[in-house]
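Here are my notes on this model. Please read them with the structure open.

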Amino acid sequence: MNFDFTEEQKMIRDTAREFAQAEIAPSAVDRDIKGEFPAGIVKKLGELGFLGMMVPPELGGAGLDTISYVLAMIEVSKVDASVGVIMSVNNSLVCYGLEKYGSPYIKEKYLIPLAKGEKLGAFALSEPEAGSDATKQKTVADKEDGYFVLNGIKNWITNGQSADYVLVMATTDKSKGHKGISTLVVERGTPGFGYGKKEDKLGIRSSDTSSLTFTNCKIPGENLVWEEGKGFNFAMNTLNGGRIGIAAQAIGIAEACLDAALKYSKERKAFGQHISDFQAIQFKLSDMAVKVEAAKLLTLSAAALKDAGKKYYKEAAMAKLYSSKIAVECALEAIQIHGGYGYVREYLVERYLRDAKITEIYEGTNEIQKIVIARALLDEN
Ligand code: CAA
């Protein structure tokens, strides 16, 4: 595998870096404290083409590859992981799924504005009693006169209250288990579509996470994505790509931890010297750097497989599992290097730890990633 980035990939990475520093960094601390959604930043991300990065230009996207997407996600998440997850969900869970499985009608009506960043999307699979055990969908969509009548509750939905369009997984045929689940595009403002509470979270506080409620929502039949009964496969296939996005988000956080630790260790003095002169600190910095590099290679290799049209779900799970784990480890070490300063808001590392933790949970917990990896290994051998 060749990771000499092309001129275009480097340009995307540099654009993302400059945008993140200039437009995202100044408000990141304040938005984290207030739990404020970055609406203006999301609009600008859309104008840059960063909300539909892998969608072809004729469908409103930037026509880039997954490697470019990973590079941009790292740069954005390094500055603010909340913005990272908003970007990741729209790109990999919403646009990718609609491009791959949407009808021409759905692509025209929903994908194009989503890929252009004129509209924002959300992906609603999780329910109060169906998180990891995602086949146990209680939300139902009964067919009536060319419509689906949608009833149920979805939980922990990223972009929940901010999204214009939500991809909702619902059971259309209870007798068929997970093969009776279908995906529907639901528009904000549909009568009967409501919101539960906006979650007050430990981390990624500037992103919007909410429960959604559906009470007798009439969804036109043409809003069915792919085919009836294919909703669970739709969710699994899109989540494979989503896991590459979350791996990149985690790498961004881990890199931010390493940069902060390097900077602080060269400034802080103890026992008459900079703390970077102590081997105890140097070993921590080395370990962090090795982990970041390994996570990047795993994630880029999953992205390269996806770009080559090869099977990548095992590698995506590995990338997400490892990158999220090392993001938490790097955040803990960065705090340790900062000592007492690491535990207060004045320095950014405490936010990095709070933001890192969710990467081990969403888009499949790390325990689920291990199941996916083990099943793939057993199938292959
Ligand atoms: N890729 C493609 N297909 C997959 C797959 C994968 N990684 N994992 C499972 N499948 C398919 C299987 O091939 C099978 O398909 P068929 O019926 O067509 O043969 C189907 O899914 C059912 O699979 P299993 O029989 O293995 O079902 P299971 O119940 O034993 O296990 C699971 C399924 C892997 C545990 C699955 O439920 C899962 O991935 N759970 C985690 C759900 C998750 O990731 N949720 C994240 C919520 S979204 C989110 O977090 C977004 C956000 O807001 C940031």
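1. The axes of helix 6 (residues 231–267) and helix 7 (residues 279–307) come within 9 Å and cross at roughly 155°. Axes are lines fitted to C-alpha atoms, for helices over the stretch in contact, with angles from 0 to 180 degrees between N-to-C directions. Helices (H or I, at least four residues) and strands (E, at least two) are DSSP runs, numbered from the N terminus.

2. This is a predicted model: local features need pLDDT of at least 70, side-chain atom pairs count only at pLDDT 80 or more, and totals for chains, interfaces and linings use all residues. Residues are numbered from 1 along each chain as its sequence is written, and side-chain values use heavy atoms, leaving out hydrogens and water.

3. Helix 6 and helix 7 are therefore roughly antiparallel (angles over 145 degrees). The contact (heavy atoms within 4.5 Å) includes Ala-247, Ile-251 and Leu-258 of helix 6 and Leu-285, Val-292 and Lys-296 of helix 7. By class, it has 17 nonpolar, three polar and three charged residues. Here Ala, Val, Leu, Ile, Met, Phe, Trp, Tyr, Cys and Pro count as nonpolar, Asp, Glu, Lys and Arg as charged, and the others, Gly among them, as polar.

4. Just after helix 7, Gly-309 takes a positive phi of about 75°.

5. The structure holds nine aromatic pairs (Phe, Tyr or Trp rings, the six-membered one for Trp, with centres within 6.5 Å). The ring centres of Tyr-110 and Tyr-165 are 4.7 Å apart and their planes lie at 80°, so this pair is edge-to-face (planes over 60 degrees apart). Tyr-110 lies in helix 5 (residues 104–116) and Tyr-165 in strand 4 (residues 165–171), so the pair ties together parts 55 residues apart in sequence.

Note on methods: Angles under 35 degrees count as roughly parallel, over 145 as roughly antiparallel, 65 to 115 as roughly perpendicular and the rest as oblique. Rings of Phe, Tyr and Trp (its six-membered ring) pair if their centres lie within 6.5 Å; planes under 30 degrees apart count as stacked, over 60 as edge-to-face and the rest as tilted.
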